[in-house]
Amino acid sequence: MSHSLSQFSSENDFITRHIGPTAEQTQTMLSKLGVQSVEELIGQTVPAAIQRGPMPLPGAVTEQQALAELKAIASKNKIARSFIGMGYHDTFTPGVIQRNVLENPGWYTAYTPYQPEIAQGRLEALLNFQQMVIDLTGMDLANASLLDEATAAAEAMAMCKRLVRKNRSNVFLVDENCHPQTIAVLQTRARPMDLEIQVGNVAELIDTAECFGVLVQYPGSNGDVTDLRQLCATASSRDIMSVVATDLLSLLLLTPPGEQGADIVVGCAQRFGVPMGFGGPHAAFFATRDKYKRSVPGRIIGVSVDARGNPALRMAMQTREQHIRREKATSNICTSQALLAIMAVFYAIYHGPKGLKKIASRTNRLAGILVAGLQQLGYQTNSAFFDTVTVATGDKTAAIFKAAQSQLLNLRNNGQSLGISLDETTSAADIEALWAVFAEGQTLPSITEIDAKLGDYPGIPAELQRQSEYLDHPVFNQYHSETEMLRYMHRLERKDIALNHSMIALGSCTMKLNATSEMVPVTWPEFGRIHPFAPREQIQGYLQLVDELEQQLVGCTGYDKFSMQPNAGSQGEYAGLLAIKRYHESRGDTQRDICLIPSSAHGTNPASAAMAGMRVVIVGCDEKGNVDIEDLRAKAQQHSEEVAALMVTYPSTHGVFEEGIREICDITHQFGGQVYIDGANMNALVGLAAPGEFGADVSHLNLHKTFCIPHGGGGPGMGPIGVKAHLAPFLPSHPVLPVEGLSADNDTVSAATYGSASILPISWMYIRMMGAEGLKQATSMAIVNANYVAKRLSDSYPVLYTGRNNRVAHECIIDLRPLKEASGISEEDIAKRLMDYGFHAPTMSFPVPGTLMIEPTESESLLELDRFCDAMISIRAEIAKVEAGQLPLDNNPLVNAPHTQRDIADANWERAYSKQEAAFPAAELFGSKCWPAVNRIDNVYGDRNLICSCPPISAYQ
Ligand SMILES: *Cc1c(COP(=O)(O)O)cnc(C)c1O
């Protein structure tokens, strides 16, 4: 037989890399399931009524070809010197952090640290982040990152409203010198909460204004540095909360807001080593006073103790999250920006307090030199500044702006003035280049001459020069050589289970492969070094990327239009519900404000509805976990004049394809509501069924689930929304860079027009390399894998819900309540015991208490699925011994799990089982075990004794 070139074609190679099981393994699984083919299983699983034809997407290409295509797109972005500021600054990402964190799956593939015993590494990093923010802002307490500065300000506004009980005003007063995107996000958030944003000069208005809170920017958006003390004192005396948005680098030199009386301090840690990336992802921060600690939005890392009494870290007060408070939640943060918070604090650790101060001082000095030179050239600027100045340019503004832009020097154009913001990448040559565009032929000033005459800390008024110390904790003072830094980061990484160690079958979270080729473009400078408000002609690559990804997602979902602005699923829900609300309003249906939500919904759903100003009406589920269609009809009818939307997850959060989904959509429409399908479970649909075709009006997609953006240990993520055409006019836009075709006055839900734009290449690469056929195969194999796991475990653990033919969708819930009843062993014991076997537990007690929800994804091979199932079955046998009385209930490998090196080294081993059973329950663990760093952590202790800053090093010894 002769060869021909086509036999060796490799277009489909990536598909087989992405999908875990080989053809042979698939056959093995299919026979276990009693079917002949994948198609047969899909036919038994996915309702015929919703199955779609082929997706309108091109075929797969190789990794190399996709990278080449994307490189061509990226090259259409023009890297300029950015002096725009407005909350985004160029920065040097230290190589040791870029390669070993941002480009390292040990960090970027981890999940949110819900299982703290195998997440001590990133928990420590995040605790360091909190300490850094506390020190620099001068506050008592900080959380571990929010989505961006603008939404952090919105969270602050909501918290003020909650806390200022005596104050009856609904007005939040915002200083006119705040970043415009922050003001826009506040306006969007305020409206459904019946709050009013007043923009003005806060320093002048504070004596008389009726308001519950104020926001000022420090330094101001135009660069001004003004004293906050009087303002904060007056606010406090009038029962008004004061919020300060600030810049971390400036706080190395400026008196921090905490020392001036601020109640809440927010901002963004981007310029600590995280590329601008056309707007994100970056970590925002949120700091406040100790007395408000129980009201802080987002996640707080706290110190607790483990079963041996040693200090151990965990997320504090997890029970406050939207899962418990649901429609009463006033904040809705799941995915935030953990990876970027970790990068930012590593930057601070690497440079240390002295190094950071040097960076800040140099940047400030260059600004001082710039200003002195501009004065020589006859220009006026603000006199108090840190690194940003606004130059009065009057009628010459447009000409100078253009001249600068033609040399790829990006300035901020205010119409009659130009803003210039410097950063750690600014060079002396940059200053001269800037002078040259302002000089109009005059002789340029001399940097050396100005430098020789300039005083210390130019532009910073004496009373605002920082006197207090910061970052004196040892962690910020011992890792300044690259070797030490590398080892510190690696030491933390080794404590955590991420996808580079074993499968993480977290139901609803879709922990699938984040392929290297998908990740590579993220650190290309053509994507990293682009300011979100750069002129359109410099961002053509990004605009094309957004456009093409939109078309890809349209192909996957059957929607007509997408918005890339929401930067997490929760934000997508919010943006989608706002679009629905605006749509109803545009038709005069202003009274439509009820959101029907099934009882099984994810907590973000009711929380989003509440934040969008909707009233939540719960729809029941039947005993099989399906939406109770008669209850839905009754409630929709009862509220037929007020129904705004139905929010439903499909396949359901119970892991089944409900047969009635079309009817569910029809009923909602019949009574005037819009259908919101939560797209978190899209990994069970792509290529098989399209929500835009079976009746939904809007969905968010978690690109960090279905479309391969890694979870980053708790973020970043992207939650773009797809809509049918009638909702498209109501998608979010932006005051600075409006979305093409939409008004700048539309709602704004993120600080940047396209959210965390620099991770969009990941999803683009995935879809391009898989093609229509590969994506469909991936979905099908996700369903095969889930059904295989359900089948293998079914003799040991009952599967709670199944659909037609006893099949599950892409995940399954196993019910541990009967076992607990019989043996006293809880779902938590099983979750912790899995760590001893080298696994991260599946999703625990969601959506049903006392259960585990397992989602294996298509990326896990049969070998790994079997390893996991073997562990679960072996654990079942251990439980049987407890049930049979062979092991005491208070001394067995389950209740004592996880086991640590301290246990094994303990001379007083008084356990009813061997050390080998404890730590090496499966033979393959020898030699490659990931040891839980601490024993089981006491959750209650941690919440009662809330400590959210770094304990002294002595506490660890
Ligand atoms: C993950 C998830 C969300 C929230 O997404 P985030 O990006 O974490 O905000 C919402 N609904 C469901 C069903 C989910 O699984």
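This note walks through the ligand site, the cores and some local backbone features of the structure above.

1. **Ground rules.** This is a predicted model, in which local features need pLDDT of at least 70, side-chain atom pairs count only at pLDDT 80 or more, and totals for chains, interfaces and linings use all residues. Residues are numbered from 1 along each chain as its sequence is written, and side-chain values use heavy atoms, with hydrogens and water left out.

2. **Around the ligand.** Helices are DSSP runs of H or I with at least four residues, strands are E runs of at least two, and both are numbered from the N terminus.

3. The side chain of Ser-508 places an N or O atom 2.5 Å from a ligand oxygen, and a polar side-chain atom of Thr-335 lies 2.8 Å from one. From Gly-569, a polar backbone atom is 2.6 Å from an oxygen of the ligand. The protein covers 98% of the 380 Å² of accessible area that the ligand has on its own, by the Shrake-Rupley method with a 1.4 Å probe.

4. **An enclosed helix.** Helix H22 (residues 604-611) is largely enclosed by the rest of the structure, because 7 of its 8 residues are buried. Buried means under 20% relative accessible area, exposed over 50%, and partly exposed in between (1.4 Å probe, protein chains only). Among the buried residues of H22 are Asn-605, Pro-606 and Met-611. Gly-613 follows H22 and has a positive phi, near 80°.

5. **The cores.** The largest nonpolar core has 215 residues, and those touching the most other members include Phe-129, Phe-707, Tyr-797 and Ile-830. A nonpolar core is a set of buried Ala, Val, Leu, Ile, Met, Phe, Trp, Tyr and Cys residues joined through side-chain atoms within 4.5 Å. Helix H25 (residues 760-793) gives the most to this core, with 19 residues. A second, separate core of 44 residues includes Val-164, Phe-172, Ile-197 and Met-241.

6. **A buried threonine.** Thr-397 belongs to helix H14 (residues 397-406) and is buried, with a relative accessible area of 1%. Its side chain reaches the backbone oxygen of Gly-394 at 2.5 Å, and a polar atom of that side chain lies 3.3 Å from the backbone oxygen of Gly-415.

7. **Backbone points to check.** Most residues other than glycine have a negative phi, and most peptide bonds are trans. A cis peptide bond joins Gly-715 and Pro-716, with omega about 20°, and another joins Phe-846 and Pro-847, with omega about -5°. Leu-471 is not a glycine, yet has a positive phi of about 50°; Leu-471 is buried at 0% relative accessibility. Thr-510 also has a positive phi, near 50°, and counts as buried at 1%.

Note on methods
A polar contact is a pair of N or O atoms within 3.5 Å; within protein, one must be able to donate a hydrogen and the other to accept it, and residues adjacent in sequence count only if both atoms are side-chain atoms.
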